[in-house]
Amino acid sequence: MDPIDSTDSFTASVEGQLLYQEPEPFVVDAAGHRFSFHPTGKDRFATLLGLIESAEKKLKIFYYMFQDDFAGQQVRQALIDAAERGVDVYLIVDAFGTDAPNNFFKPLVKAGARFDVFEPRFGARYFIRNHQKMAIADDERVMAGGFNISDNYFKPPEEDGWNDLGVLIEGPIVERFCDWFEKLDQWVSNPGSQYRLIRTMLREWDHGDGPVQLLMGGPTHITSDWARQVKKDLARGDRLDLVMAYFSPPRSIRRLIRRIAERGSARLIMAGRSDNNATIGASRALYRGLLNSDVKIAEFQPSKLHCKLVVVDDVTYFGSANFDLRSLRLNLELMVRVKDETLAARIRELIDHMEEASEPITDEWYANRASWFNRFRWRLGWFLVSVADYTVTRRLNIGL
């Protein structure tokens, strides 16, 4: 397999649109933390490898998806090298999202690293999906975001790569990442751990009360920490800017978004391309009601969209969670919440850049697309992504 493109910033043309140039990495110091943002795949890949190679004592890593491809082999080798130089390496992957077989990880274990799988494919734990992504080095630096370990998340758009985001974080919040990873360690190390224990872990999680918080989502009796906090911010916000790969939130959140648009402004950047047509259909099924409330909607065109970004007034969210029923109510998700005016302004500049390469969804666009047959397919997509895992719906190409 060809290596990942390592050229300088590239451009990609889509059906006569202006050429799209991926943003360069940028750093924002906010609320006693340093956040290094990497919107481009090749930079995310280089930063992740650099994080692993710089570790001196510990590496704690979890990914929903870890593939046996060029990227997966490179990351595995970096972890092997770290273990062989004496670093305490511990890798956990989600069984449902990861296609690489267990023997792919045997060289890593042979080098002295620990390896575990979250959620066996069969048994009482089957329905729990851990959709989180994080890599922690020396309990001092963590890289989080929406990307997985797969070529698709590091290649450029012209090679069918995903638009995503990785954020290298330095500051006190890293300790909370370590605390959560320890809880995951306890769960996967106990073969008797079940659904009830996960719900207890989530219910008892303390995200803190500072300007930087680590929020968790997952299956609980009540609304999860991440969903509860974002609803509070939406309820009192006057301006919303959102980039979301999968958008099919419940009626309560759609109502909050419409109210923001009515008293201020709401801008949504949705996926115009995906490998999972059901998710695009699910979003389009909701467009009419949002447009009626003057919500500004556009679909990103240069590449498949996997980014998850929410900015409400001066609060920014980034991490693994989509704005759909699974991410808000069922999947284990990880979102960083930062209350800082400077960071929010800088992230809005990134969203501005993405909007320039997006197709506006207007009343005319909707009238031309929303035939009864398309509306039926969109509603079918909404139903499927509400009840089924992403991997399952991806295999059902329902069209658009």
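Predicted model: local features only at pLDDT ≥ 70, side-chain atom pairs only at ≥ 80, totals over all residues.
1. A residue is called buried if its relative accessible area is under 20%, exposed if over 50%, and partly exposed in between (1.4 Å probe, protein chains only). Helices (H or I, at least four residues) and strands (E, at least two) are DSSP runs, numbered from the N terminus. With these terms, strand β8 can be described: K133, A135 and A137 point one way from β8, M134 and I136 point the other way, and all are buried. The strand is thus mostly covered, with 5 of its 5 residues buried.

2. Residues are numbered from 1 along each chain as its sequence is written, and side-chain values use heavy atoms, with hydrogens and water left out.

3. The sheet is open and has 8 strands, in the order β3-β4-β11-β9-β8-β5-β6-β7, with mixed pairing; two strands pair if DSSP finds at least two bridges between them. Because β3 (26-30) and β7 (114-118) stand at the edges with a single partner strand each, one side of each is left without a neighbour in the sheet. From one strand to the next, the twist averages 15°.

4. On one side, β8 (residues 133-137) pairs with β5 (residues 58-63) in the antiparallel sense over 5 bridges. Among the bridge partners in β8, M134 belongs to F62 and I136 belongs to K60.

5. The pairing of β8 with β9 is also antiparallel, over 4 bridges. Here A135 stands opposite M143 in β9. The two strands form a hairpin with 3 residues between them, and D138 in the turn has a positive phi of about 55°.

6. D139, in the loop between β8 and β9, has a positive phi of about 55° although it is not a glycine. Its relative accessibility is 28%, so D139 counts as partly exposed. D160 is placed in the loop between β9 and β10 (162-163) and has a positive phi of about 65°, although it is not a glycine either. At 38% relative accessibility, D160 therefore counts as partly exposed.

7. Helix α1 (residues 41-54) lies across β4 (33-38), β5, β8, β9 (141-145) and β11 (166-170), and runs at about 150° to β9. Helix α2 (residues 70-84) lies across β5 and β6 (88-94), at about 150° to β6. Axes are lines fitted to C-alpha atoms, for helices over the stretch in contact, and angles run from 0 to 180 degrees between N-to-C directions.

8. How are two packed helices described? The angle between their axes and the distance between the axes are given. For α1 and α2 the angle is about 15° and the axes are 9 Å apart. The helices are therefore roughly parallel to each other; angles under 35 degrees count as roughly parallel, over 145 as roughly antiparallel, 65 to 115 as roughly perpendicular and the rest as oblique.

9. The residues that join the helices can also be named. F45, L48, L49 and I52 in α1 meet F70, A71, Q74, V75, A78, L79 and A82 in α2, where contact means heavy atoms within 4.5 Å. By class, this contact has 10 nonpolar, 1 polar and no charged residues. Ala, Val, Leu, Ile, Met, Phe, Trp, Tyr, Cys and Pro count as nonpolar, Asp, Glu, Lys and Arg as charged, and the others, Gly among them, as polar.
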